[in-house]
Amino acid sequence: MRSDAGAPPSRRRFLALSAGGAVAGAAALSGCALQVSSGVSGSGDTVTVMVKSGEITGDDVKQAHKDLGIKIVLVKYDITKLIAMMTTGNPPDLVRGVGAIDTPYFAARDVMEELDPYFARSSVLRPGDLDPVNNLWRYDGTTQGKGPRYGMAKDFSQDSMYWCNTSLFDKAGVDQPPETEPVTYEEWLENAKRLAQRKNGQTTVFGGSYNGLMKSSLLACLTAAAGGSLFTDDFTRVDFTAPEARKALGWYIDYCRTKVGPSAIQPDPNAWDGPTYQANRMAMSNSGYWLGGMINTDKKLAKVSRLAPAPVFEGGPRISPCQGGTGLWMPKEARNKDAAWRVFEWFFGEGPAKARASGGWGIPTLKSLRPLMPAQEDYQKRTLKVQDAELKHFSLISFTPYATADALDALFNQIAPAAMTGQMSVDTLAGRLNSAMNEQLARGKEQVG
């Protein structure tokens with residue numbers, strides 16, 4: 001299976017990476033016996049892995065050397081450095097990525113290794129055991145979710161689901177949402193207004209947070225929930241003036257204007273929902289199952305916390321997407337592919353994967369690891385009941401290959417605050433977003449061809 005590294009990416013391929021906004025910043029993110037691998041790498045191999053801090057720890061590196069006889073060299077994830085390494089013909093052997101938004105972008109630029117031959121002969125990562133969320137890492141040149149596999153998610157959440165602090169609901173006299181039936185987005189926002197607490201003009205308790213992982217992927221998912229698509233069929237343009245996208249955009253701007261939760265015009269001092277929710281200063285957080293890993297460390301908080309289904313728009317379909325699916329992919333020009341695959345198997349199917357599953361920090365992406373999800377306490381059993389029911393509503397929302405989510409988010413964050421403060425209408429905002437984002441997408445399409 002070992003493939004010799006070929007020539008480094010061409011100048012055109014480098015420009016294609018840069019044109020879509022990749023260099024503007026990094027993509028968003030965060031005790032059983034080992035199975036026998038079919039890999040052929042031997043001891044003494046070195047594998048370079050580019051990840052963000054904490055995604056692979058020093059203890060993981062030591063354990064990998066003990067289990068596999070392979071030395072892992074960690075490189076801090078940086079998109080500019082990644083492009084530089086690829087263009088000089090010395091890429092990492094494995095790279096972190098966010099399946100929902102990165103797969104089309106990098107696959108369209110022909111820098112990712114197709115992994116189907118590796119999966120086909122693996123006794124650890126069997127195709128039939130892969131959760132459907134891993135289809136976020138497939139791309140056939142046109143459609144995300146079909147074609148070759150280019151990576152795998154380490155764990156996932158259905159990121160439109162949200163947590164409720166029921167003690168704050170009871171204090172405000174607000175009915176708790178049903179366990180398996182969704183409320184509408186309109187109802188969610190009304191509840192958030194009633195749950196928000198203010199003092200001297202300042203918000204002391206957020207009624208709810210609904211910002212998603214990236215604004216562009218959040219808006220794509222909200223548009224799908226309204227029954228439409230943010231992108232045209234060929235993914236070369238956005239259209240925020242289409243009825244469904246306009247509805248999604250209007251809802252999010254209303255959320256920001258009412259200041260019921262964190263936004264660009266009302267930042268959370270903690271920079272993310274976790275600490276604020278933990279401090280009883282946030283009644284709802286759309287962080288999905290993943291946040292349970294933190295919630296479960298505080299039994300008092302866990303007992304009053306409930307996971308709820310993804311909301312729906314009135315008259316829209318019921319969907320429950322994953323906006324992340326963070327995992328690893330292998331560059332096409334990686335020099336030590338067999339050893340990299342062995343690390344890949346170990347990380348996604350052996351010791352580290354089992355530890356993640358039992359910790360509650362995300363849903364395992366191998367169906368066979370589901371029994372390891374925490375279910376000892378009554379509140380954990382209740383959470384699993386809701387999550388299990390939601391899995392049948394999982395939906396794959398395709399993203400454009402012609403720009404990074406970071407690049408589109410940068411444009412949104414530059415233009416949208418005026419609408420959030422009421423200085424610009426939503427219709428004007430929709431037109432300006434179309435103009436700016438479609439110019440970005442056109443540059444990416446020109447470079448990719």
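The largest cavity has a volume of about 100 Å³. A cavity here is a set of points on a 1 Å grid over the protein atoms alone where a 1.4 Å probe fits but cannot get out, with lining residues having an atom within 4 Å of a point; the volume is the space filled by probe spheres set on those points, joined across faces, edges and corners. Of its 13 lining residues, Trp-163, Asn-296, Tyr-379, Gln-380 and Thr-383 sit closest to the centre. Helix H11 (292-295) and helix H15 (378-391) each give two or more residues to this lining; helices are DSSP runs of H or I, at least four residues, and strands are E runs of at least two, numbered from the N terminus.

Keep in mind that this is a predicted model, where local features need pLDDT of at least 70 and side-chain atom pairs 80 or more, while totals for chains, interfaces and linings use all residues. Residues count from 1 along each chain as its sequence is written, and side-chain values use heavy atoms, without hydrogens and water.

On to the second largest cavity, at about 60 Å³. Its lining includes Ala-100, Ile-101, Pro-321 and Phe-399. The largest share, three residues, comes from H8.

Now the backbone. Ala-271 isn't a glycine, yet has a positive phi of about 75 degrees. You'll find Ala-271 in the loop between helix H9 (243-258) and helix H10 (273-278). Asn-280, also not a glycine, has a positive phi of about 60 degrees, and lies in the loop between H10 and strand S11 (284-285).

Note on methods. On a 1 Å grid over the protein atoms alone, a cavity is a set of points where a 1.4 Å probe fits but cannot get out, and a pocket is an open set with protein on both sides within 12 Å along at least five of seven lines; lining residues have an atom within 4 Å of a point.
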